[in-house]
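Please open the model in your viewer, with selection by residue number at hand, and follow the stops below in order.

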Amino acid sequence: MSHIVDACCGWADDHDVSMELARRWAVEAIACDDGDSWSYWAFANYHLYSLNHGVALEVFRKALECNPNDADVTTDYALCLSYAGRAEEGIEHARKAMRLNPFHYEWYTSQLGQIYFDARQYDKAVATFASLRSLDSAIMRIYQGASFAAAGNQQQAQKSVQRALELDSGATLEKWADRKLAPYSDAAYREHFCKNLRNAGLPERAAQQSLSERSGHPTSSV
């Protein structure tokens, strides 16, 4: 799971290497104990971020067969449903996870906000992000900005994007809407995400280096 988080949060030095390590350790964990829900949880997330949505959902269900009351698995199953184009179902499972663990981590709340955005329930998305007490991550601010933009609050959308850029100086639409980090199976969901990120003011791509920088000959100052 550490390798998955490294890859899907954009932190990995080499995305493909982190994904392969995640796959290898998840397979080994299942071989050690095929009744352990967290082993399947890791393997399900590997398949989600490899864009194998059908397999990911099947493996998530296997994880929940091993432990139906595992709130961590349930909340990630909810996110997987949303990425698979089933956001309304995702909301149900995300809220169930919060009932299973009333003292849940704040990333549960952030993911619920993201799922509300995917479901086009923008007021609920905005309110959910506002309820966070301490979590402050680039991906949360990205989805918060998209939610504000979709709700028509341009000023707050721009503030969220500015905070995302403070947390991740390389934040761009090209990076965060890439299917490696936003593994939507439904093109309409992905376009909805991209459209609102543009409206929120997230840069399309990284600023181009100057010709002198690219050639390795910095311009001298006089």
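**Stop one: a loop residue**

Select arginine 120, which is partly exposed, with a relative accessible area of 39% (buried means under 20% relative accessible area, exposed over 50%, and partly exposed in between, with a 1.4 Å probe and protein chains only). Arginine 120 sits in the loop between α7 and α8 (122-130), where helices (H or I, at least four residues) and strands (E, at least two) are DSSP runs, numbered from the N terminus. Its phi is near 65°, a positive value in a residue other than glycine.

Before going on, note that this is a predicted model, in which local features need pLDDT of at least 70 and side-chain atom pairs count only at pLDDT 80 or more, while totals for chains, interfaces and linings use all residues. Residues are numbered from 1 along each chain as its sequence is written, and side-chain values use heavy atoms, with hydrogens and water left out.

**Stop two: two further loops**

Move to leucine 51, in the loop between α3 and α4 (53-66), which has a positive phi of about 70° although it is not a glycine. Leucine 51 is partly exposed, with a relative accessible area of 31%. Then select glycine 35, in the loop between α2 (15-32) and α3, which is partly exposed at a relative accessible area of 40%. If you draw a distance from the C-alpha atom of glycine 35 to that of isoleucine 91, 56 residues away along the chain, the separation is 27 Å.

**Stop three: the whole chain**

Now zoom out and colour by secondary structure: the protein chain has 13 helices and 0 strands. The radius of gyration of the protein chain is 19 Å, close to the 17 Å that the globule rule gives for 222 residues, so the chain is as compact as a globular protein of that length (the radius is taken over C-alpha atoms, and the rule is 2.2 Å times the number of residues to the power 0.38). Along the principal axes, the C-alpha atoms fill a box of roughly 70 × 40 × 30 Å. Buried residues make up 47% of the 222 residues. Of the contacts (heavy atoms within 4.5 Å) between residues at least 6 apart in sequence, 58% join residues at least 24 apart.

**Stop four: the core**

Which residues touch the most other members of the largest nonpolar core? Select Tyr49 and Phe193, which do so among its 70 residues; such a core is a set of buried Ala, Val, Leu, Ile, Met, Phe, Trp, Tyr and Cys residues joined through side-chain atoms within 4.5 Å. Leaving aside neighbours within four places in sequence, the contacts of tyrosine 49 include Ile4, Met19, Tyr83 and Pro183.

**Stop five: the largest pocket**

Finally, show the largest pocket, which holds about 680 Å³ of space. Of the 31 residues that line the pocket, the closest to its centre are Val5, Cys9, Trp107, Gln111 and Ile139. By class, the lining has 21 nonpolar, 6 polar and 4 charged residues.

Next, select threonine 75 in helix α5, which is buried, with a relative accessible area of 1%. Not counting residues up to four places away in sequence, threonine 75 touches Ala97, Trp107, Tyr108 and Gln111.

Definitions and conventions:
On a 1 Å grid over the protein atoms alone, a cavity is a set of points where a 1.4 Å probe fits but cannot get out, and a pocket is an open set with protein on both sides within 12 Å along at least five of seven lines; lining residues have an atom within 4 Å of a point. Grid points are joined across faces, edges and corners, and a volume is the space filled by probe spheres set on the points. Ala, Val, Leu, Ile, Met, Phe, Trp, Tyr, Cys and Pro count as nonpolar, Asp, Glu, Lys and Arg as charged, and the others, Gly among them, as polar.
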